[in-house]
Amino acid sequence: MKTIIIYMSSHHQNTEKIVQAMAEDTNMETCKISELRNINLSDYDCIGFASGIYYHNFHKSIIELVKETRFTNNQKVFTVYTCGINYINYARSIEKIIKQKECEYIGCFSCRGYDTFSFFEKIGGIAKNHPNNKDKENARKFIEQHKIGE
Ligand SMILES: Cc1cc2nc3c(=O)[nH]c(=O)nc-3n(C[C@H](O)[C@H](O)[C@H](O)COP(=O)(O)O)c2cc1C
């Protein structure tokens, strides 16, 4: 299954660390959304969209990309996010967009990521050591369970 993960990770590269852990020892490709230019998403059997959570949602650029992408029925799509406080499903609105499209939505992986946004900076940040090794292991399990990148 030819797979790519497109990601946006601007705060502390937390999401990038998870994306790299997912891609380790697989044939999966990864690409920052800012470097997407020469990639045709219709070439892939499976596409992951990954982002930090900024104001309760995936980064705008990832949401816009999902909106403008024409998937096909035999393409699989999954989502990945890292966030400061993992208490709600921040993928809900992007999942809604994906599920209205012609593709198979596999699911979402999420974990916490070091967060120094706004007043959290004053207290030295939250989720300080995340993503940690356990988070990365869980991310790899998600990939294995869904047979992504094989
Ligand atoms: C502008 C901004 C807004 C954020 N908003 C939220 C939020 O609404 N909920 C949350 O749990 N974390 C929030 N965070 C924390 C990030 O989601 C978290 O640190 C994430 O791991 C960042 O991923 P990145 O390092 O890949 O950019 C915010 C961070 C920033 C910089």
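Q: Where does the ligand sit?
A: In this predicted model, the ligand is placed in the largest pocket, and that pocket has a volume of about 460 Å³.

Q: Which residues come nearest to the ligand?
A: The shell around the ligand holds 21 residues, and those that come nearest are Ser9, Thr15, Ile53, Tyr54 and Thr82.

Q: Which helix or strand supplies at least two residues of the shell?
A: Two elements do so, namely the helix α1, which covers 14–23, and the strand β4, which covers 76–83.

Q: What about the ligand nitrogen, which side chain is 3.0 Å from it?
A: The side chain of tyrosine 90 places an N or O atom at 3.0 Å from a nitrogen atom of the ligand.

Q: Tyrosine 114 then, is its polar atom backbone or side-chain?
A: For tyrosine 114 it is a polar backbone atom, and this atom is 2.8 Å from an oxygen atom of the ligand.

Q: How much of the ligand's area does the protein bury?
A: The ligand exposes 650 Å² when taken alone, and the protein buries 91% of that area.

Q: Back to the pocket: how many residues line it, and which lie nearest its centre?
A: The largest pocket is lined by 24 residues, with Ile53, Tyr55, Gly84, Asp115 and Phe117 lying nearest its centre; by class, the lining has twelve polar, eleven nonpolar and one charged residues, and α1 and β4 each supply at least two of the lining residues.

Q: Changing topic to the backbone, which peptide bond is cis?
A: The bond from histidine 130 to proline 131 is cis, with omega near 0°, and proline 131 belongs to the loop between β5 (104–112) and α4 (133–145).

Q: And which residue has a positive phi although it is not a glycine?
A: Aspartate 25 does, with a phi of about 60°, and this aspartate is located in the loop between α1 and β2 (29–32).

Methods: Residues are numbered from 1 along each chain as its sequence is written. This is a predicted model: local features need pLDDT of at least 70, side-chain atom pairs count only at pLDDT 80 or more; totals for chains, interfaces and linings use all residues. Side-chain values use heavy atoms; hydrogens and water are left out. A residue is near a molecule or strand if one of its heavy atoms lies within 4 Å of it. A polar contact is a pair of N or O atoms within 3.5 Å; within protein, one must be able to donate a hydrogen and the other to accept it, and residues adjacent in sequence count only if both atoms are side-chain atoms. Accessible areas come from the Shrake-Rupley method with a 1.4 Å probe; for residues, only the protein chains shown count as cover. On a 1 Å grid over the protein atoms alone, a cavity is a set of points where a 1.4 Å probe fits but cannot get out, and a pocket is an open set with protein on both sides within 12 Å along at least five of seven lines; lining residues have an atom within 4 Å of a point. A molecule sits in a cavity or pocket if more than half of its atoms lie within 2 Å of its grid points. Helices (H or I, at least four residues) and strands (E, at least two) are DSSP runs, numbered from the N terminus. Grid points are joined across faces, edges and corners, and a volume is the space filled by probe spheres set on the points. Ala, Val, Leu, Ile, Met, Phe, Trp, Tyr, Cys and Pro count as nonpolar, Asp, Glu, Lys and Arg as charged, and the others, Gly among them, as polar.
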